[in-house]
Amino acid sequence: MERQISDIAGEDTTEKKSMASLGLMYEKDKDEQSRKIDSFIASPFKKSMDSLLERAQSTSQSHVELANLKADLREAEDNLVKVLAAKTRKEARQMGIRDSISATQSRVEVLRRTLQLQKSKREEYAKIVSQQLQALSDNAGKVTEKPDINEAISWYNQALGFHVEAGHGVKFTFTNIDAKRPTREFSFTVHYGNDTYTLLDCNPQMDDAEEMVQELNKTNDLFRFVRLMRDKFLKATLSELPTHSENLQQETSIISASAPALSFTTDTNMSTPENKVSNVQVNRRHKRSSDSPLVSPVPTSSVRRSSRLKFTISLVRVESNSCSESDS
Amino acid sequence: MADELKDLNSQVALIEEQRLAIKRNKRDQLRTEKKLSMYASVTKVIPKIDDSVKTSGYMVDRDKRIIEKFEFDTDKRADYETCNSIWEIIKRK
């Protein structure tokens, strides 16, 4: 064993030597390799590596910058959107303002025209008003005949006891018919329509009133009819009075002897059962007479021009077939 | 301007009122005249109204020519008689 071991140790020594030389060789190689490696490293590879490193670093920096830029871009885009929205709003507002300006301008134009119109209307109105005022003052200056007409109508009412009222028909009322009650009213109402007269009312009722109306429709003489009706009323009243003897005549009228100046003329014997009267005989007068100092037939022309007559009356001409002067 | 127009409008309204009143008056006057014509036509008498002492008037014919004049002293007691006397004259003409 020890031999072996010494053989082995011998062998080992050579091997050790070879090993040592190998080792040295290896060492050399290694050094050389290392040198190669170092030189390799020191070569452009290193440079490129460095540059790669640099580039990697710059790339990563760029990444960061890119990220920042992207963030900035997004922010800018957001701002752009906001600004665009604001711009759109402002544009819309501007259009609205433009529209309202043009509307206001056209309204101003309309108002201007209206004002012009109103001015011309005012001028026109002022003219019309002054014309009307002038016309009114002219009218006010005219003398109205109304008071005189009413005075005349009153005369008929009081002196003749005769009233006329217009309504649905024409109502004729008489007083001073009934001697016992002079204020008692006798009336009738006549209506004219379809060319026919009709008696609407008669107070008091008269038996022959209808006959008289028929006569009226034949003659068309309303005025005579009215006079006849008064006469009928009077006769009806007289027939109510207690009858006296021969002095009561059919046609009577009453004269007071106390009247000192009787200046009318008739040729009738007049008497009344009521008053103390002596028969008065007078002469009938015709159109012109100069006998009696009491009667003064005034010439027509002077009467027409008389200043005492303050109104004119136009007698209605009635077309009558037989309009006679006499009422009896 | 508006006040002026308002004022003018009220003036126009006033004028219109007055115009209508005048129209009414004229219409009434016409009616009264026709009434008077009826009185005169029925009675054929034109009164003499400026004499308060006497009741007097004129009988006229259809051509308004005076036929006769009459005159009565105004006396309350004689009203009835005067009235019927005149109607008697009217009846006879």
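Biologist: Which strand of chain A holds Phe174(A)?
Modeller: Phe174(A) lies in strand E2 of chain A, residues 170-174, where helices (H or I, at least four residues) and strands (E, at least two) are DSSP runs, numbered from the N terminus. This is a predicted model, in which local features need pLDDT of at least 70 and side-chain atom pairs count only at pLDDT 80 or more, while totals for chains, interfaces and linings use all residues. Residues are numbered from 1 along each chain as its sequence is written, chains are lettered from A and ligands numbered from 1 in the order in which they are written, and side-chain values use heavy atoms, with hydrogens and water left out.

Biologist: Why is Phe174(A) called buried?
Modeller: Buried means under 20% relative accessible area, exposed over 50%, and partly exposed in between (1.4 Å probe, protein chains only); Phe174(A) has 0% relative accessibility, and therefore counts as buried.

Biologist: What does Phe174(A) touch, leaving out residues up to four places away in sequence?
Modeller: Contact means heavy atoms within 4.5 Å, and the residues that Phe174(A) touches include Phe162(A), Phe186(A), Arg230(A) and Trp87(B). Arg230(A) is 56 residues away from Phe174(A) along the chain, and their C-alpha atoms are separated by 7.2 Å.

Biologist: What makes E2(A) and strand E3 of chain A a pair?
Modeller: Two strands pair if DSSP finds at least two bridges between them; five bridges join E2(A) to E3(A), residues 186-193, and the two run antiparallel.

Biologist: How many bridges link E3(A) to strand E4 of chain A?
Modeller: Seven bridges link E3(A) to E4(A), residues 196-203, again in the antiparallel sense. Their hairpin has two residues between the strands, and Asn194(A) takes a positive phi near 55° there.

Biologist: Which order do the strands of the open sheet in chain B follow?
Modeller: The three strands follow the order E1-E2-E3, with antiparallel pairing. Strands E1 (45-48) and E3 (66-73) of chain B each have a single partner strand, so they stand at the edges, with one side of each left without a neighbour in the sheet.

Biologist: Why is Thr82(B) called buried?
Modeller: Thr82(B), which is found in helix H2 of chain B, has a relative accessible area of 9% and is therefore buried. Apart from its neighbours within four places in sequence, Thr82(B) is in contact with Thr55(B) and Phe72(B).
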